[in-house]
Amino acid sequence: MHQRYDAIVIGTGQSGPSLAVRLAQAGRKTAIIERKNFGGTCVNTGCIPTKTLIASARVAHMARRAAEFGVMLDSPVVVDMARVKARKDLVVSQSNQGVASWLRSTPNLTVIEGHARFESAHGVMVNGELLEADEIFINVGGRATVPDLPGLKDVDFLTNSSMMEVDFLPPHLLIVGGSYIGLEFAQMYRRFGSEVTVIEGGPHLIGREDQKVSAAVKEILEGEGIQIRLGAKIQRVEKRGDLVLLTVSDNGASYEVSGSHLLLAVGRIPNTDDLGLDKAGIKTDARGYVVVDDQLHTNVTGVWALGDVNGRGAFTHTSYNDYEIVAANLLDNDKRGVADRIQAYALFIDPPLARIGMTEREVRASGRPALVGTMQMARVGRARERSETQGYMSVLVDAETKKILGAMLLGIEGDEVIHSLLDVMYSDAPYTVIQRAMHIHPTVSELVPTLLQDLTPL
């Protein structure tokens, strides 16, 4: 069988559904194809479920601290992991079903469930049917990397996806990988009640961050009882009785680390290996990511790649911004590109770490004259009131233009406060705009202008 469309969207992650609806509303006969879970990684195994679990873990953590606030509990805090998972599943299903219902109720949009593979530059096969369109948009996302570790094939292990099915408390969770995914699960399960050990091959946590930021995060996590091994290279994985045993080397010395369960959090790979890209002539890079230009075109005319699959961002917000870029150029006669956006991300431990723009290391490497402002969260009234004074804030400014180069907020509500600085960066305004702003008291944001009044040379 053969079907002709104006546009085909492959995948229902963060960019695909919004783009498909816009295309359909613009009068293009559109098909959107999903092989498994509507909503992609964010909805099913990423942001929404993990942040829902983090919320449960925070409640447990604060309940244990209740006496600090004068609230006395009659019995010890008990975490029912089956109920924690049930709550997470409910939130996920609402989002998942919401995406599917939205797409199915959109006029001029056909929803197809199945695995799409390219047959040509403008034809894809799904469920034995050939679909063709002049415009095709790839939004197939990525999945967890499984490293080639000796002995791993003989050991049961978890990834961020399979962790979503856990409805019990692992006695001792071993986590390989000390970045976003690994650290969020580490704190979460420690607060649920597990012993947790993080094994990171690099010299510090969150390799892209400045070392002093990583050190501050490490101190926070270790303060909650999480064991962290840095510079640890795994030589072998094996099962020994009920335990998982890792043989680890560090500067020539070997030692063993054992636990009840193993979580691999060492990165992501794109879902391009079973997409038939070779039949379409679509180029990928050495890591398998689809090569795109600033407007997210592939090398094949009429084919775009959005979201994690293009390697131009690894977050839900970058994927959604990809949709905005493509829609603006294609439908709104509004030229936009990836180069327009400012790097922004957060690590959702508690307190959260938020980052925009350049790191201190990047500013120093650029050689430009810069100013820096730093403030400990212990100076922030909101943090003291909540007894959450861990972390600090740092802002980098170009000494000549007075433009904000970057900022890092590690502290209570930092993931929200950071946007006041990000918006000033997007407006291309000098830091003095926010420095002179009157903010509401008592908040975290009110200390940002104060911080900017005391800049010193970097």
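## A nonpolar surface patch

Phe 69, Val 71 and Leu 73 make a nonpolar surface patch of about 260 Å², where patches are made of residues with over 30% relative accessible area and no salt bridge, like charges being joined within 9 Å and nonpolar side chains (Val, Leu, Ile, Met, Phe, Trp, Tyr) within 5 Å. A salt bridge is a side-chain nitrogen of Lys or Arg within 4 Å of a carboxyl oxygen of Asp or Glu, and accessible areas come from the Shrake-Rupley method with a 1.4 Å probe.

This is a predicted model, in which local features need pLDDT of at least 70 and side-chain atom pairs count only at pLDDT 80 or more, while totals for chains, interfaces and linings use all residues. Residues are numbered from 1 along each chain as its sequence is written, and side-chain values use heavy atoms, with hydrogens and water left out.

## Phe 69 in its loop

Phe 69 lies in the loop between α3 (47-64) and α4 (81-104), helices being DSSP runs of H or I with at least four residues and strands runs of E with at least two. With a relative accessible area of 38%, Phe 69 is partly exposed, a class between buried (under 20%) and exposed (over 50%).

## The annotated binding site

An unreviewed UniProt entry lists a "binding site" whose residues include Gly 178, Ser 179, Glu 200 and Gly 267; such annotations may be inferred rather than shown by experiment. The listed residues are spread over 91 residues of sequence, yet they cluster in space, with a largest C-alpha distance of 14.1 Å.

Leaving aside residues up to four places away in sequence, Gly 178 touches Leu 183, Val 198, Glu 200, Leu 205 and Ile 206, and Ser 179 touches Ile 206 and Leu 347, contact meaning heavy atoms within 4.5 Å.

Key. Buried means under 20% relative accessible area, exposed over 50%, partly exposed in between (1.4 Å probe, protein chains only).
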